[in-house]
Amino acid sequence: MRKLMLAALSSGSGKTVIAAALSLALQEKGLSVSAFKCGPDYIDPMFHEIALGKPCRHLDLFLSGKETVRGLLDNAAKDSDFALCEGVMGFYDGLGGTTTKASTWEVADTADIPVVLVVQAKGTSVTLAAQIAGLVGFRKNSHICGVLLNQCTHAMFEMLAPMLERETGLAVLGYVPHLPQAEIESRHLGLRTAGEIDNLQKRLAEIAQVLEETVDIEHLLALSGEHQLTEISEKAPLECNPAVRIAVARDEAFCFYYEENLEALRRQGAELVFFSPLNDAVLPKDCAGLYLGGGYPELYAERLEQNDAMRSEIARAAKNGLPIIAECGGFLYLGKSLESPEGKSYAMCGVLNGSGQKGTRPVRFGYALLTAQTDGLLCQKGQTFPIHSFHYWDSTENGADFTAEKPIGTRKWRCGIHQKRLYAGFGHLYFPGIPGAAQRFVTAAKEYQNDRIRNISGGDFFSQ
């Protein structure tokens, strides 16, 4: 399998749309492509999933270790010809904004991935060469092997490419002109989600056709690195007879999930059943666990309130002891009420006492380490694990069952709700980096299912 990373000098360089379109162009060459995203981002991977029709995975050296990152590449390599990775932020930007730890560069260095820089060509010339040369020389092995000019005309490319190659020693692989199809609107957590963009697959395909004409894809393939597989240990699902069904909220309001989390639950023997808190009146039949991921519930607060049947269903299930994981948007949904962007408050599930309130800037943004102060669904008291949070809305009651600490600096705070059958908080979980968490959740679901079988005879459980 070949592998390549697209990186940039900063966020907003256009690498997400270019990476998604490039994956389609590679498919046109007859290659089977798998997509990866550096860092904890949920939104960018949706574009890759739309392009390829299969999940995008994360390579994150804070949420997981080096062996996990290498293992994810190995598992993708089993059925792919090419691994295309998209970087995060600026190439060397890491933890705390003052280190290279967990940066795109560290991921490339850990997995030995060649890097192509996507750079904006507008408004600069020789200075751009100085910036690129600085990136190449900043670390002993930068892994940078080429450059792709974005927002660049053919005439500008003809002028800049020879100079950049002479001054940097790197191959300039082509250019991407200004394309209306590539203009994606942003909002407070980043780009609009892929599901909100009309004809996205068609737009990406049109961009891919342009890349086939303006990018030297054969040269790009020649620069990509060969990935040598290590021995992969098969992780078969645990015995689970009958299968444990876990309901997973997935619609416009709840769409932030790490594919690795879903895979971890399946490996533990769970059958994942997707449903919509916006549109469905009842939880999936016979579910023994509930996973409420993040997303944009604040944008759909009125519709969530109007679906009183689902809110009542979830409140009743929680009261009966259904194991629940609720991250960020899911946490807000479990509260008493949620404020919309217009400032109006709407009723939510009422499982938790807090109310979601509108914010104007990120709250507790970035990576953190959580240490459990109680035994609960995810882990035992005293266990520490990494999380990521990024939210503008806040809650009047954030809980106090964990101590959170920033990985750089001394800032600490209490947060989260951690009970025998409940985790709820703003922290997004990454199961590969939390030993035993997926197994504990599925085990709790099995216990709940067994209790139901013993105590409930006939009829649907939630109608009892």
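Predicted model: local features only at pLDDT ≥ 70, side-chain atom pairs only at ≥ 80, totals over all residues.

Biologist: What volume does the largest pocket have?

Modeller: On a 1 Å grid over the protein atoms alone, a pocket is an open set of points with protein on both sides within 12 Å along at least five of seven lines. Points are joined across faces, edges and corners, and the volume is the space filled by probe spheres set on them. For the largest pocket, that gives about 1,200 Å³.

Biologist: Which element gives the largest share of the lining of the largest pocket?

Modeller: Lining residues have an atom within 4 Å of a point, and the largest pocket has 50 of them, with Ser11, Asp41, Asp44, Val88 and Met89 nearest its centre. Helices (H or I, at least four residues) and strands (E, at least two) are DSSP runs, numbered from the N terminus. Those giving two or more residues to this lining include α1 (15-28), α2 (43-52) and β20 (363-372). The largest share, four residues, comes from α1.

Biologist: How many residues line the largest cavity?

Modeller: A cavity is a set of points where a 1.4 Å probe fits but cannot get out, and the structure holds three of 30 Å³ or more. The largest cavity contains about 130 Å³ of space. Arg364, Trp413, Cys415, Phe426 and Gly427 lie nearest its centre, and the whole lining numbers 14 residues.

Biologist: Which strand gives the most to the lining of the largest cavity?

Modeller: At least two residues each come from β20, β21, β24 (412-415) and β26 (422-425). With three residues, the one that gives the most is β20.

Biologist: Are α1 and α2 roughly parallel or roughly perpendicular?

Modeller: Axes are lines fitted to C-alpha atoms, for helices over the stretch in contact, and angles run from 0 to 180 degrees between N-to-C directions. Angles under 35 degrees count as roughly parallel, over 145 as roughly antiparallel, 65 to 115 as roughly perpendicular and the rest as oblique. α1 and α2 pack at about 20°, with their axes 9 Å apart. That is why α1 and α2 are roughly parallel.

Biologist: Which residues of α2 meet α1?

Modeller: Contact means heavy atoms within 4.5 Å. From α1, the residues are Thr16, Ala19, Ala20, Ser23, Leu24 and Gln27, and they meet Asp44, Phe47, His48, Ala51 and Leu52 in α2.

Biologist: How is α2 placed against α7, roughly parallel or roughly perpendicular?

Modeller: Helix α7 covers residues 200-214, and α2 packs with α7 at an angle of about 80°, their axes 9 Å apart. Phe47, Ile50 and Ala51 of α2 make the contact with Leu200, Gln201 and Leu204 of α7. The angle therefore makes α2, relative to α7, roughly perpendicular.

Biologist: Is the crossing of α5 and α6 left-handed or right-handed?

Modeller: Helix α5 (residues 126-138) and helix α6 (residues 154-168) pack at about 35°, with their axes 9 Å apart. A crossing is left-handed if the near helix is turned anticlockwise from the far one by less than a right angle, and right-handed if clockwise. The crossing of α5 and α6 is right-handed.

How values were computed:
Residues numbered from 1 in each chain as written. Heavy atoms only, no water.
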